[in-house]
Amino acid sequence: MSSYDVAVIGSGPGGYVAAIRCAQLGMKTAIIEKYPRLGGTCSNVGCIPSKALLDSSHHYNDAIKHFEEHGIEIPGEIKINLEKMIGRKNTIVEQTSKGLQFLMDKNKIDVFEGVGSFKDATHINVTKDDGSVETLEAKNTIIATGSKPSSLPFIKIDKERVITSTEALMLKEIPKHMIVIGGGVIGLELGQVYKRLGADVTIVEYMDRIIPGMDGALSKELMKTLKKQKVKFALSHKVKSVERKGNEVIVKADNKKGEEVEFKGDYCLVSVGRKPYTDGLNAEAAGVKLDDKGRVDVNEHLQTSASNIYAIGDVVKGAMLAHKAEEEGTLVAETLAGQKPHIDYNLIPGVVYTWPEVAAVGKTEEQLKESGVDYKVGQFPMRALGRARASMNIEGFVKIIADKTTDEVLGVHMIGARVADLISEGVTAMEFRASAEDISRMSHAHPTYSEAVKEAALAATDDRALHV
């Protein structure tokens with residue numbers, strides 16, 4: 001029987017980062033993955049492949065709508081080769097997986113393929129596809145089994161016409177009309193992919209706005225922009241049935257007046273969130289307790305009810321974000337090494353990779369109002385930037401919220417080109433508890449999108465933005 005200081009169950013961003021950090025800190029480490037490829041949901045059917053399709057569809061959209069304005073003339077008809085587009089995505093996924101295997105080898109981490117389940121608190125059975133079982137001994141274990149797409153109880157996911165995000169990444173045809181149930185991150189991103197490629201797209205959302213967890217100003221601006229792109233919305237609609245008839249899918253919902261509304265399409269993407277994945281883990285055998293939402297119950301150190309077992313990422317409470325899982329993986333590894341790491345969950349940024357992109361960190365204006373915090377707001381439109389006009393990416397704004405008395409930045413909210421990268425400036429500022437004035441006095445290169453951050457900070461500092 002092989003013995004390890006640490007065994008990690010799951011090789012997604014949280015799991016593989018935890019394994020690497022443990023190995024760096026001198027621990028003998030194993031990682032267990034049920035699928036043939038490392039990387040979990042993020043690398044295989046989530047973050048990476050969806051961004052590949054977003055980028056490909058963005059290029060196509062630019063070619064048919066904007067190249068001519070740039071003076072680029074392409075003779076003949078511009079066509080989509082969906083099979084090739086999906087093939088490129090698959091190549092990127094394969095490259096990512098091979099890169100992770102290289103990192104495991106480099107750090108001398110043993111990889112076991114199979115379903116990891118607890119025999120007891122210090123022994124893990126790895127069941128392979130052929131039914132054979134290998135048992136590992138682990139002084140400590142990190143559960144990093146991630147999440148799976150959620151559904152609604154009355155919806156039957158057939159993986160053909162009624163699909164989740166996993167199947168949406170592998171379609172063999174462009175839908176004529178894709179009905180997306182859920183106006184969150186995944187539904188909007190994949191909805192925009194297929195809208196760009198020529199599908200009609202209707203977003204059916206239970207709440208009264210899209211991306212409901214983000215600042216209301218971002219929600220409003222993104223919806224306005226997507227409507228310009230001809231995406232249709234049905235907000236405050238409660239879906240009550242999804243029925244497939246041949247190649248047609250019929251979605252019935254009640255609107256806010258209680259009236260029944262019917263939507264017909266050839267594909268229905270069910271995108272109502274994700275749920276923790278603990279199937280086959282046999283957590284009870286190790287004395288690991290789950291909470292009432294099926295998540296692994298942990299304390300502030302991410303330690304479970306079994307003192308030598310920890311859990312991270314989507315399988316525990318908090319935002320289901322790859323980078324949050326990575327931070328937690330690092331925290332557990334360093335805790336096991338006797339260090340005292342820390343995560344400020346308020347400073348984990350959230351991003352929507354539509355175009356324009358949406359990104360945020362810290363408190364929303366709605367949260368601050370609810371908490372009774374006295375605050376001030378500075379906002380600057382992207383269209384006022386020379387770089388935005390030069391690149392024809394004029395939609396969006398940067399919004400900075402600061403404490404009215406101390407001027408400390410409490411939240412940064414952005415929508416526009418490349419804000420997924422730009423939000424790190426807000427994270428850095430808030431990590432060092434910067435004031436809006438601190439940001440306003442920093443030199444920002446011209447012409448760049450980042451100038452909007454400086455201008456929003458100026459607007460929050462005595463309303464003295466320079467370029468509006």
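Trainee: In which loop is the place of Pro447?

Mentor: This is a predicted model, and a cis peptide bond joins His446 and Pro447 in it, with omega at about -5°. Most peptide bonds are trans. The place of Pro447 is in the loop between helix H12 (436-440) and helix H13 (451-460).

Trainee: Which residue does a cis peptide bond join to Trp355?

Mentor: Look at the loop between strand S18 (350-352) and strand S19 (357-362), where Pro356 lies. The bond there has an omega of about 5°. The residue joined to Trp355 is Pro356.

Trainee: Is Arg418 buried, partly exposed or exposed?

Mentor: Arg418 sits in the loop between strand S22 (409-416) and helix H11 (419-431). Its phi is positive, about 60°, although Arg418 is not a glycine. Buried means under 20% relative accessible area and exposed means over 50%. The relative accessible area of Arg418 is 43%, so Arg418 is partly exposed.

Trainee: And Asp463, is that residue buried or exposed?

Mentor: Asp463 lies in the segment after H13. Asp463 is not a glycine, yet has a positive phi of about 50°. With a relative accessibility of 66%, Asp463 counts as exposed.

Trainee: Which element gives the most residues to the largest nonpolar core?

Mentor: That core has 48 residues, and Phe118, Ile142, Ile143 and Val288 touch the most other members. Several elements each supply at least two residues, among them strand S1 (2-9), helix H1 (13-24), helix H4 (82-106) and helix H8 (322-336). With 7 residues, the one that gives the most is H1.

Trainee: How many residues are in the second, separate core?

Mentor: Take Ile143 of the largest core: leaving aside neighbours within four places in sequence, its contacts include Ile9, Phe118, Leu281 and Val288. The second core is separate, and Leu53, Leu171, Val193 and Ile210 are included in it. Its count of residues is 37.

Trainee: Why is the protein said to be as compact as a globular protein of that length?

Mentor: The secondary structure comes to 13 helices and 22 strands. For 468 residues the globule rule gives 23 Å, and the radius of gyration is close to that, so the protein is as compact as a globular protein of that length. The radius of gyration in question is 24 Å.

Trainee: What share of the residues in the protein is buried?

Mentor: The protein exposes about 22,200 Å², and carbon and sulfur atoms supply 49% of that area. A residue counts as buried under 20% relative accessible area. Of the 468 residues, the buried share is 52%.

Note on methods: Residues are numbered from 1 along each chain as its sequence is written. This is a predicted model: local features need pLDDT of at least 70, side-chain atom pairs count only at pLDDT 80 or more; totals for chains, interfaces and linings use all residues. Side-chain values use heavy atoms; hydrogens and water are left out. A nonpolar core is a set of buried Ala, Val, Leu, Ile, Met, Phe, Trp, Tyr and Cys residues joined through side-chain atoms within 4.5 Å. Buried means under 20% relative accessible area, exposed over 50%, partly exposed in between (1.4 Å probe, protein chains only). Helices (H or I, at least four residues) and strands (E, at least two) are DSSP runs, numbered from the N terminus. Contact means heavy atoms within 4.5 Å. The radius of gyration is taken over C-alpha atoms; the globule rule is 2.2 Å times the number of residues to the power 0.38. Accessible areas come from the Shrake-Rupley method with a 1.4 Å probe; for residues, only the protein chains shown count as cover.
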